[in-house]
Amino acid sequence: MPADFDVVIVGAGAAGLSLAYHLSAPGTVTPLSVALVDAPPGPLRAPPRTWCFWEPPGGDYDSCLAASWRQLRVRAADGS
């Protein structure tokens with residue numbers, strides 16, 4: 001592993017992973033070397049979260065899908 005990187009991203013959540021993907025993707029004008037740093041497993045690590053995104057079928061992340069919904073309902077705190 002190289003000791004120097006063009007970019008270091010702290011946090012491997014949705015934003016960090018997406019940024020790392022776009023900065024180092026083949027076909028970009030100048031792909032950068034990226035280090036992604038995340039907390040190790042343990043009591044201080046945040047609990048697992050659900051990632052959501054909206055895009056037409058056939059997108060970059062289709063292979064990662066675990067579930068999908070065709071409809072979404074939003075309710076206010078008062079139930080409306």
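Ala, Val, Leu, Ile, Met, Phe, Trp, Tyr, Cys and Pro count as nonpolar, Asp, Glu, Lys and Arg as charged, and the others, Gly among them, as polar. This is a predicted model, where local features need pLDDT of at least 70, side-chain atom pairs count only at pLDDT 80 or more, and totals for chains, interfaces and linings use all residues. Residues are numbered from 1 along each chain as its sequence is written, and side-chain values use heavy atoms, without hydrogens and water.

**Exercise 1.** Classify the lining of the second largest pocket.

Solution. A pocket is an open set of points on a 1 Å grid over the protein atoms alone, where a 1.4 Å probe fits, with protein on both sides within 12 Å along at least five of seven lines; lining residues have an atom within 4 Å of a point. Take the lining, which includes Asp38, Arg45, Arg49 and Gly13. Sort by class: eight nonpolar, one polar and three charged. The volume is about 280 Å³.

**Exercise 2.** Describe the largest pocket by volume, lining and class.

Solution. Start with the volume, about 990 Å³. Of 24 lining residues, Cys52, Phe53, Trp54, Leu65 and Ala67 are the closest to the centre. By class, 16 are nonpolar, five polar and three charged.

Methods
Points joined across faces, edges and corners; volume = space filled by probe spheres on them.
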